[in-house]
Amino acid sequence: MPRKIMGRCFAFAMILLSVSLPVFANDGVDARINEAVKPFADAVAGFIFSSFPLGGVQIPFVLVWLIFAATLFTLYFRFINIRAFKHGFQLVRGDYNDPMSAGEVTHFQALATALSGTVGLGNIAGVAVAVSLGGPGATFWMILAGLLGMSSKFVECTLGVKYRNEYTDGTVSGGPMYYLSKGLAERSPALKTLGKVLAVLFAVFCVGGSFGGGNMFQANQSFMQLVSVTGGEASWLADKGWLFGIVIAVLVGLVVIGGIQGIARVTSKIVPLMAVIYVSAGLVIIFMNLAEVPAALTAIVSGAFSAQGISGGVIGVLFQGFKRAAFSNEAGIGSAAIAHSAVKTNRPVTEGFVALYEPFIDTVVVCTITALVIIITGTWNPSVDPSQGVALTSAAFESSISWFPWVLTVAVVLFAFSTMISWSYYGLKAWTYLFGESMITDAVYKLLFLFFIVVGSSMQLGSVIDFSDAMIFAMAFPNILGIYFLLPVVRKELDDYWADYKAGNLRKFGKAANRD
């Protein structure tokens, strides 16, 4: 019954949008909204992304906050990103999937859902801009930051499962909102108030981020790429962003109505598909230019430490690489812990091991392939407009095979779609943390989310999206601050589990049990 009611609300909302949005889009409403929001959005974004000069480069404090935490976690847990890599794969493969454990999805499905939220347009557009502004050497620092980010994911996803809420109907709710409030209160009564404040701040930032960076930006950029390959300004679609938005909103709606299980079923299919499409296309271009690969690898390594012609020198190169990795895999942001919290397991640290693969796939694999394509095709441009990252990557693909931009378009739309359905879950859990778990609060958030998909496709709301992006990175401040107090909790979970693992006390299931 609840799904029928939500389905009717969803249908009514789509009809209303189809009638109203074309009028709004052609009436300059977006410009007026953008103008009204701009002063406030600029002030918030300026505060969140406040920077300090280093080596002639303005370094955002949030970037230092993320990278410092990732480095500390890597050292504190004795390079867990490397020593638990093999066991993480065993967990993803399902060797230790206990069907009787609490939770809603498998380790693989949780990873796919989290990956769908991070593997997106940043891997395509952001990397092209980073390599152009920072040179090939930025790729080296991007990979290093990705490896360090694996440790951040390990910590926050372990805590996400540790402090999640498990309900009688089998559903769960977890993420930074819960480990900040419950975890800090458990550590010390004196930290209880701080934990609640941090949890509320995180939830507010998460809801804001879900509507913009996790929604409108994705819809807008995927639509622009589709218009580009179908004729640009002369395309039949050029003035029909609202129609594209309604189609995507319907598809997203059909998925998110089913909750995390529906999202996980779709992402577990889409993520491997989009990864195969994009990575295969990138590898084809790399193999077509195989003779250029050694020179490209040399440029990546040498360029990391000697940056001639790059603004800010070596610091500028390092900044571009670290910035792209941190902004792409979102390690330390806390968003992925919401998806990982839904996993079926009774040992929280197992999902921390699985989460190691998220920054590895997102940054070390996908971002590196994009960087290599940009470098070996020679399409990187130091004077690039940061808003033209997708066009730059498209040009790199087209330089080898003329119809490859169509392959890129398919990848862009899949990336955007999967990012939206994952962020709808992140935002929903933050929303229900603030307003309570109920059918009404659930329906209100989902309808709002679908509305903003159409808005993002049909309107140019630059300031609104900038504000939302700031909200995403603002999540890192309460998240990481709270995690520092909870590191001993993660250490105990890790030590207890690792001792059982080394002693062979863990039970395997399915094919893994038969292999033994």
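**Exercise 1.** Let's start inside the protein: how do the residues lining the largest cavity divide into nonpolar, polar and charged?

*Solution.* The lining has seven nonpolar, three polar and no charged residues. Here Ala, Val, Leu, Ile, Met, Phe, Trp, Tyr, Cys and Pro count as nonpolar, Asp, Glu, Lys and Arg as charged, and the others, Gly among them, as polar. A cavity is a set of points on a 1 Å grid over the protein atoms alone where a 1.4 Å probe fits but cannot get out, and lining residues have an atom within 4 Å of a point. Next, find the residues: among them are Leu66, Ala145, Ser152 and Asn329. Finally, helices H3 (61–76), H8 and H14 (313–329) each give two or more residues to this lining.

This is a predicted model, where local features need pLDDT of at least 70, side-chain atom pairs count only at pLDDT 80 or more, and totals for chains, interfaces and linings use all residues. Residues are numbered from 1 along each chain as its sequence is written, and side-chain values use heavy atoms, leaving out hydrogens and water.

**Exercise 2.** Which helix gives the most to the lining of the second largest cavity?

*Solution.* First, list the lining: Leu115, Val119, Val271, Met274, Ala275, Ile361 and Val366. Next, look at the helices, which are DSSP runs (H or I, at least four residues) numbered from the N terminus. H12 (259–288) and H17 (357–376) each supply at least two residues. The answer is H12, with three residues.

Terms used: On a 1 Å grid over the protein atoms alone, a cavity is a set of points where a 1.4 Å probe fits but cannot get out, and a pocket is an open set with protein on both sides within 12 Å along at least five of seven lines; lining residues have an atom within 4 Å of a point.
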